[in-house]
Amino acid sequence: MDLAAFRALEPLCWRAPSAHNTQPWRLDHRGGEVRVGWDPAYALPASDPSGRDLRLSLGAFVETCLIVAADAGLRMRFVADHCADDRRVGWLRPGPHRYDTPFDAAQVLTRRTHRGRFSAGPDATAVAAVDAVARASGGAVRVVPDADLLARLLRVADRWTYADPAVVRELRSWLRLTPAHPAYHADGLTDRCLGLSGREATALRGALAAYPVLRRLGLPRLLAAASGNPLALGGAVLVLVGPPGTDDAGQVEFGRVLTRTWLTLHAAGLAAHPLSQLVDAPAARDALGTLLGVAPQRLLHVTRVGRPVGPAPPSARRTGGVGQGVR
């Protein structure tokens, strides 16, 4: 494997998705192999205390690296070697052949998270396609059947999110609600990606700044209500279900599966809007598991899926510690 050629492709690999767009992954070139690890400074210990979203993000990054390398004709394989103490998930090493994937670098580049309006949800063919991707690894993709219950669970999850000062501080640290923010073109969640108008972004900045004073006066409930109901923007909600007993290394593997499902949707002209709070908030997760007849701990990721009405702005990416907006 030509590691110099792969290093040149790394900026494209960073188009992988991550919770709050923290981009926690780190590559360490060591001789003829590349160590895949993470930087704890870019994890989310308050909102992701179990590390589930971190491991999904790392798996998504691994899959993206393999797709990008294969598209460039590089022979690369991933050797899983998860070690939490060493903050490592495995190694990218020379392989006997190119990674076998139906996806390419252009799809990696053009895939977008879309928080806006959908004209339609996924049809049965698209749902069957992503379910087949998950089932190939022992999981499944399920459609949430009860929109009214789901809307109620979203309110529960949003209130849970805004009720915890540590979670709110963490969220605030990753929000980029004005182009004047020094990391606006590097990482985090921008006002554009969140679909906020200038007035809405200013109001949210003010509310979060006042959070320490107003929390006891009901601000968490007001913030949750202000989040609105994304289900009203159309689409269907899909849940990625892992196999029974999925451990930490298994969650990394299902981050790879998650990327394959998102790119399958992208190839069909569909986009995804993560609703991770539904599995972050214990009460919402338990209720969702009951609704689906699935053990709650098997629920790995929830996303609203549909056909976008218009284009979504690209999220920023940080490459090698240097902020580079992808335009």
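**Helix packing and nonpolar cores in a predicted model**

Trp91 touches Arg30, Glu33, Val34, Arg35, Arg77, Phe78, Val79 and Asp81, leaving aside residues up to four places away in sequence; contact here means heavy atoms within 4.5 Å. The model is predicted, so local features need pLDDT of at least 70 and side-chain atom pairs count only at pLDDT 80 or more, whereas totals for chains, interfaces and linings use all residues. Residues are numbered from 1 along each chain as its sequence is written, and side-chain values use heavy atoms, with hydrogens and water left out.

Trp91 belongs to strand S4; helices (H or I, at least four residues) and strands (E, at least two) are DSSP runs numbered from the N terminus. Its relative accessible area is 10%, so Trp91 is buried, a term that means under 20% relative accessible area, with exposed over 50% and partly exposed in between (1.4 Å probe, protein chains only). Between Trp91 and Ala60 the C-alpha to C-alpha distance is 14 Å, and the two are 31 residues apart in sequence.

The largest nonpolar core holds 27 residues, of which Phe6, Phe61, Val89 and Leu92 touch the most other members. Such a core is a set of buried Ala, Val, Leu, Ile, Met, Phe, Trp, Tyr and Cys residues joined through side-chain atoms within 4.5 Å. At least two residues each come from H1, strand S2 (33–38), H2, strand S3 (76–83), strand S4 (88–94) and helix H11 (248–267). H2 gives the most, with nine residues. A second, separate core of 21 residues has Ala140, Val239, Ala281 and Val302 among its members.

Two helix pairs may now be considered. The axes of helix H1 (residues 3–13) and helix H2 (residues 52–71) come within 10 Å and cross at roughly 125 degrees. H1 is therefore oblique to H2, since angles under 35 degrees count as roughly parallel, over 145 as roughly antiparallel, 65 to 115 as roughly perpendicular and the rest as oblique. Phe6, Leu9, Leu12 and Cys13 of H1 make the contact with Phe61, Thr64, Cys65, Val68 and Ala69 of H2.

Helix H5 (residues 147–163) and helix H6 (residues 165–174) pack at an angle of about 90 degrees, their axes being 5 Å apart. H5 and H6 are thus roughly perpendicular to each other. On the H5 side, Thr161, Tyr162 and Ala163 meet Pro165, Val167, Val168 and Leu171 of H6.

Technical notes
Axes fitted to C-alpha atoms, helices over the stretch in contact; angles between N-to-C directions.
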